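Please find below a short note on the structure shown here. The points follow in numbered order.

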Amino acid sequence: MDKIKVRDFMAKDLVVFTPEMDIYAAIDELVKSGISGAPIVDEERKLLGIISQKDCLRTLANGVFHNAPAGPVSEYMTEAVMSVGPDMDIFTVADLFLNNVYRRIPVVENEVVIGQISRRDVLRAIQHMVGKAKT
């Protein structure tokens, strides 16, 4: 069986944020889009970080305990982000999900974010493999 690659199942139409974006606008977009997180990119779509629902919860903690305004996404995002390449095989990505807490991993090619692979995308790859094996 040919190796299934990340590019075969990654999401390509992404919600991305800039570091200057207001955190409340990012929260609104996450809720509206029904997603649990998004990459933070610069003007060239280079990966700077990621914002997750958990990161966004810090707005509540900061507001209550520090009586501070929310601020930009850059104050809440996680900067140390794992990324994968589009030609990585799906089995390696499944192993990354099994051994880490990540729900999504940005896909980067030539330093530019071109997609995102999630646990759900890997499940779709499993469905695809099982379907092929049955035929």
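1. Where is the place of Asp 89? Asp 89 lies in the loop between α3 (53-66) and α4 (90-99); helices are DSSP runs (H or I) of at least four residues and strands (E) of at least two, numbered from the N terminus.

2. This is a predicted model, in which local features need pLDDT of at least 70 and side-chain atom pairs count only at pLDDT 80 or more, while totals for chains, interfaces and linings use all residues. Residues are numbered from 1 along each chain as its sequence is written, and side-chain values use heavy atoms, leaving out hydrogens and water.

3. Asp 89 is buried yet has no salt bridge. Buried means under 20% relative accessible area, exposed over 50% and partly exposed in between (1.4 Å probe, protein chains only); a salt bridge is a side-chain nitrogen of Lys or Arg within 4 Å of a carboxyl oxygen of Asp or Glu. The nearest side chain of opposite charge, Lys 3, is 4.2 Å away. The side chains of Asp 89 and Thr 92 are joined by a 2.9 Å polar contact, that is, a pair of N or O atoms within 3.5 Å; within protein, one must be able to donate a hydrogen and the other to accept it, and residues adjacent in sequence count only if both atoms are side-chain atoms.

4. Val 41, in strand β1 (residues 37-41), is buried at a relative accessible area of 4%. Its C-alpha atom is separated by 6.2 Å from that of Phe 17, 24 residues apart along the chain.

5. Ile 126 belongs to helix α5 (residues 119-134) and is partly exposed, with a relative accessible area of 40%.

Notes:
Lys and Arg count as positive and Asp and Glu as negative; His and the chain ends are not counted.
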